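Biologist: Could you take me through this model, beginning with the overall fold and then going to single residues?

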Amino acid sequence: MVFSSLEFIFIFMPVFFAVYFLLPGKLKNIWIFIGSVGFYTYGALDRPVYILLLLFCILLNYLLALGMEAFPKARKVFLVIGLLYDFGVLFVFKYLDFLLGNLNALIAAVWPLSGVQLPLASLTLPIGISFYTFQIVSYLADVYRGAVPAERSPVKVGAYLSMFPQLIAGPIVTYTSVSAQFDFRRHSLRRVNSGLMDFTVGLGLKVLLANQIGKLWTDVSTIGFESISTPLAWMGSFAYSMQLYFDFFGYSVMAIGLGKMMGFKLPQNFDHPYIAVSFTDFWRRWHKTLSGWFRDYVYIPLGGNRQGKGKMYRNLLIVWLLTGLWHGAAWNFVLWGLVTFVLIAIEKLGFGKFLEKHRAIGHLYMIFMIPLTWTVFAITDFRQLGIYFTRLFPFFGEGINVYAGDFLKYGKHYWILFAVCVLFSTTLPQRIYKKIKGSILCSVLLLAIFWGAVYCLYIGLDDPFLYFRF
């Protein structure tokens, strides 16, 4: 079950909140835990072991955190046990087949006549495991370093990790930032109304923008990269960039709206990344909770920028290779992480200051580079990726070919949607929304967005959230 589904909007959401607001304050956290596990169960009915996996993760890490406080001299042992288990489970489900596949390729290259092939596990990735693993690791790490005391209530730990607004696709919330809210948070009709408005905005971004502009990328993929013109290849990359942004941004806005209805203040995950003037600036704005997690739990513990420039670049390289792998178990994600590291490293050598000073050039640079990096992110097959880049840059490949005006055909169909996506990538819509929020005009617009999205869902114009696969 996803937020942009009729089941969630018209069944789960009304039932959950009806019970939630009828319950006294002391029972609300219990209901969050029960309701969230039910939400997760619906999506894992065909693999009930994944439900047990989530519950065992909660129980084990709850006990390990208590163990750190009960036996302070052995707290590092408890931390290591937790890290080995949490990252071990993530590795088995997400990266084991990637490792085995590469070992098979290596064996075939070095010892081609052996016929040795390691069997693949072929495990399906549990929904949200990348997100909830990072969350529970942050809890253990914060207890270990004394940033937060170990939580005595298993219900609060369970509610924190399984809370359905951010369970399966973030934002990544640290326990330190929300622990006080489990003990005290305000509920009011005004907050519920504001949360519903935000949820509707996110629903519109996902269903009316991401899903619709994403059809162009689907069309380009269906045609085949060998058979598209250079202009259409660039249009496809821009379309994927917009789809990825509004897909994840829309989900995050919906999650924040749902959290607000429950009395929680969840962190903002995006700050208009497509108006950035550099990649350093971009990653301060894009998926901020993931960037913050790697900064706080990888980059700074490695030494950050405190031990000289050489180690700073080493730490950045480690962070970006891990960021690439976090997104997927494929070499294109490793390449994407490496490319991002190189671009940020170049900016730290002085190019970033130039872009910050000459912001017009910075914007043009990012307009050109953002779709290129997301293309590397999108295409997992290196051969197909190479073909696509010969389409983007035909002078490096097979020459300039334009196939029957394909870009004119698709441009005529998508140009209005492109214009709307570009507009909503700026700060203008958000500034207008804040100014009119709560007015009759805003209510009318949001009703139109809501029912327009519902209609699209009803006739089947929906796609799963892209970030669910990560």
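Biologist: What kind of model is it, and how are residues numbered?

Modeller: This is a predicted model, in which local features need pLDDT of at least 70 and side-chain atom pairs count only at pLDDT 80 or more, while totals for chains, interfaces and linings use all residues. Numbering runs from 1 along each chain as its sequence is written, and side-chain values use heavy atoms, with hydrogens and water left out.

Biologist: How many helices and strands does the chain have?

Modeller: The chain has 20 helices and 0 strands. Both are DSSP runs numbered from the N terminus: helices are H or I with at least four residues, strands E with at least two.

Biologist: What is the radius of gyration of the chain?

Modeller: The chain has 23 Å, which agrees with the value near 23 Å for a compact globule, because it has 470 residues. The radius is taken over C-alpha atoms, and the globule rule is 2.2 Å times the number of residues to the power 0.38.

Biologist: How much of the chain is buried?

Modeller: Buried residues make up 52% of the 470 residues. Buried means under 20% relative accessible area, exposed over 50%, and partly exposed in between, with a 1.4 Å probe and protein chains only.

Biologist: Turning to helix H17, which of its residues are buried?

Modeller: In H17 (residues 382-392) they are Leu385, Ile387, Tyr388, Thr390, Arg391 and Leu392.

Biologist: What covers them?

Modeller: The cover includes helices H10 (189-223), H11 (230-261), H15 (331-357) and H16 (359-378).

Biologist: And what caps the N-terminal end of H17?

Modeller: Asp381 does, with a side-chain oxygen 3.0 Å from the backbone nitrogen of Arg383.

Biologist: Is Asp198 buried or exposed?

Modeller: Asp198, in helix H10, counts as buried because its relative accessibility is 10%. Its side chain makes a polar contact of 2.8 Å with the side chain of Lys260. A polar contact is a pair of N or O atoms within 3.5 Å; within protein, one must be able to donate a hydrogen and the other to accept it, and residues adjacent in sequence count only if both atoms are side-chain atoms.

Biologist: Which residues does Asp198 touch?

Modeller: Leaving aside residues up to four places away in sequence, Asp198 touches Val253, Gly257, Lys260, Tyr433 and Lys437. Contact means heavy atoms within 4.5 Å.

Biologist: And where is Asn211 found?

Modeller: Asn211 is in helix H10, and it counts as buried at 1% relative accessibility. Its side chain forms a 2.9 Å polar contact with that of Lys206.
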